[in-house]
Amino acid sequence: GYRVELITDSRGKDNYKGRLGEIPNHAVLAGALVGKSRLFKIKSLIKTAVGILQAGRLIFKKKPACVIGFGGYASFPSCMAAILLGTDLVIHEQNSVMSRTNRFLGRYATAVAASFKKTKYAPAGRKTVQTGMPIRKAIAELYGRPYPKTGKTLPFNMLVLGGSQGAKVFAEVIPQAIKMLASK
């Protein structure tokens, strides 16, 4: 029964497909601050400040019941604007280790939604609800189905999900592990 709109940075503007692509979306400026030069960080701070103003204008105009942030620097301007305007903020953390963005914003959030029971760096004193890992319906429907037959003419398919703070593992360790599998 709620109307949903998406605020992201320019990378996400009109870049979604399926049902998510049908949701009105808006782009605001945002900038990363980690691991870059001092000049880059200054530019990012300016972009983020402008993004907070842009998001604030949208939130003031739309008057949402709440703002939900999913972490990452692209969500920071909208979440910060919600805090400044007194709009309820819910932070969702899908990793077992809370991101820097969510660690900061979580201190001011009305509630925290977490995929894992014990999320490292989750803010103390905030209502935290374990939501589990959000996955697409098509993947969830595979649960309980038997593995498909494979053979010389049938391919063996493998799906690996993950990323974020585990991205290095997915880029380096998993390919090496797959190479170790028997050719059969």
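Modeller: Let us begin with burial: a residue is called buried under 20% relative accessible area, exposed over 50%, and partly exposed in between, with a 1.4 Å probe and protein chains only. By this rule, buried residues make up 26% of the 184 residues in the protein. The model is predicted, so local features need pLDDT of at least 70 and side-chain atom pairs count only at pLDDT 80 or more, while totals for chains, interfaces and linings use all residues. Residues are numbered from 1 along each chain as its sequence is written, and side-chain values use heavy atoms, with hydrogens and water left out.

Biologist: What is the accessible surface of the protein, and what part of it belongs to carbon and sulfur atoms?

Modeller: Such areas come from the Shrake-Rupley method with a 1.4 Å probe; for residues, only the protein chains shown count as cover. The accessible surface comes to about 13700 Å², and 60% of it belongs to carbon and sulfur atoms.

Biologist: Which residues of helix α3 are buried?

Modeller: Helix α3 spans residues 76–85 and is mostly covered, with seven of its 10 residues buried. These are F76, P77, S78, C79, M80, A81 and A82. To describe their surroundings we need the term contact, which means heavy atoms within 4.5 Å. The buried residues of α3 pack against β1, α2, β3, β4 (89–93) and α4 (100–106). After α3 comes G86, with a positive phi near 75°.

Biologist: What share of the contacts with a separation of 6 or more comes from residues 24 or more positions apart?

Modeller: In this protein, such residues account for 33% of the contacts with a separation of 6 or more.

Biologist: Which residues other than glycine have a positive phi here?

Modeller: The general idea is that most residues other than glycine have a negative phi. K63 is one case with a positive value, near 50°. K63 lies in the loop between α2 (38–62) and β3 (67–69), and its relative accessibility of 59% makes it exposed. Y121 is another case, with a positive phi of about 75°. Y121 is found in the loop between β5 (111–114) and β6 (127–130) and is partly exposed at 44% relative accessibility.

Biologist: Is D9 buried or exposed?

Modeller: D9 is buried, with a relative accessible area of 6%. Its place is in the loop between β1 (6–8) and α1 (18–21). Leaving out residues up to four places away in sequence, D9 touches A27, V28, A30, Y73 and A74. A further term is the polar contact: a pair of N or O atoms within 3.5 Å, where within protein one must be able to donate a hydrogen and the other to accept it, and residues adjacent in sequence count only if both atoms are side-chain atoms. The side chains of D9 and R11 are joined by a polar contact of 2.8 Å.

Biologist: How many salt bridges does the count give?

Modeller: A salt bridge is a side-chain nitrogen of Lys or Arg within 4 Å of a carboxyl oxygen of Asp or Glu. The count comes to four salt bridges. In one of them, the side chains of E5 and R3 meet at 2.5 Å, N to O. E5 is partly exposed at 27% relative accessible area, whereas R3 is exposed at 62%. E5 also meets K62 in a salt bridge of 3.3 Å, N to O. E5 lies in the segment before β1 and K62 in helix α2, so this pair ties together parts that are 57 residues apart in sequence.

Biologist: Which salt bridge does K137 form?

Modeller: K137 forms a salt bridge with E141, and their closest N and O atoms are 3.9 Å apart. K137 is exposed at 63% relative accessible area, while E141 is partly exposed at 48%. Salt bridges that share partners also join R3, E5 and K62 into one network.

Technical notes
Helix = DSSP H or I, 4+ residues; strand = E, 2+ residues; numbered from the N terminus.
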